[in-house]
Amino acid sequence: MADMRAFREAVGDWAAGGSGGPAGELAARLGVRTAVLLEGPSDLAAVEALAVRRGRDLTAEGVCVLPMGGAMSVGRYAGLLGPPGLGLRLAGLCDENEQRYYERALERAQAPRQGFSVCVRDLEEELIRALGTPRIEEIVRSEGDLRAWQTFLHQPAQLGRSRQQQLRRFLGTKKLRKIRYGRLLVEALDTGQVPAPLDDLLTCL
């Protein structure tokens, strides 16, 4: 796991304009064959949590899950890691309103689209819809976030919003909270509740 984190960091440095040498060396040493491109660390937490639940060791399988720091980075990452760069198979998640951008990026990188699953809005909304708002509120309470949640609900901006919209916004207001709940919500899913985009992604790896 530590070595795969080093590979992620090396790819991040490369994407920021550094040398690709360390990333290439680590990919060869670790036997990386697939790069899963995700928008951010909360998506990473969710994918890794589902892999653990299913008894998958993605590192041993040569799969590296990479948060790109935003959907607009997909062109850069696809070029570095796909056929023009390290030649890895690419997979990932994207939001419906960004699907065309991903398709153009993959086309430029000459990478197939089959490994990419599409969320209607984003993965958080998919998880909230799968679990239902009462179950999410139970998890918020059990995690000791009830007071913060109640304070949040009294904000003028939340008046008139649906409970699903309020929960999505609450979970996303703090980076660490979003990452933590990315894992917790996946762990709370029953077997048949896994959102289709997330299930399809793990199945194709």
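This is a predicted model: local features need pLDDT of at least 70, side-chain atom pairs count only at pLDDT 80 or more; totals for chains, interfaces and linings use all residues.

Trainee: How many residues of domain 1 are in contact with domain 2?

Mentor: 16 residues of domain 1 are in contact with 16 residues of domain 2, where contact means heavy atoms within 4.5 Å.

Trainee: What area do domain 1 and domain 2 bury between them?

Mentor: About 1,400 Å², 67% of it on carbon and sulfur atoms. Buried area is the accessible area (1.4 Å probe) that two parts lose on being put together, summed over both. Ser42, Arg121 and Pro195 supply 38% of the area that domain 1 buries against domain 2, more than any other three residues.

Trainee: Why is helix 3 called roughly parallel to helix 10?

Mentor: The axes of helix 3 (residues 41-53) and helix 10 (residues 175-188) come within 8 Å and cross at roughly 25°. Axes are lines fitted to C-alpha atoms, for helices over the stretch in contact, and angles run from 0 to 180 degrees between N-to-C directions. Angles under 35 degrees count as roughly parallel, over 145 as roughly antiparallel, 65 to 115 as roughly perpendicular and the rest as oblique. So helix 3 is roughly parallel to helix 10. Residues making the contact include Ser42 and Ala45 of helix 3 and Ile179 and Gly182 of helix 10.

Trainee: What makes helix 6 and helix 7 roughly perpendicular?

Mentor: Helix 6 (residues 123-131) and helix 7 (residues 133-142) have axes that come within 6 Å and cross at roughly 105°. Helix 6 and helix 7 are therefore roughly perpendicular to each other. Leu127, Ile128 and Leu131 of helix 6 meet Thr133, Arg135, Ile136 and Ile139 of helix 7.

Trainee: And why is helix 6 oblique to helix 9?

Mentor: The axes of helix 6 and helix 9 (residues 163-172) come within 10 Å and cross at roughly 130°. That angle makes helix 6 oblique to helix 9. Here Glu125, Ile128 and Arg129 of helix 6 contact Gln164, Leu167, Arg168 and Leu171 of helix 9.

How values were computed. Residues are numbered from 1 along each chain as its sequence is written. Side-chain values use heavy atoms; hydrogens and water are left out. Helices (H or I, at least four residues) and strands (E, at least two) are DSSP runs, numbered from the N terminus.
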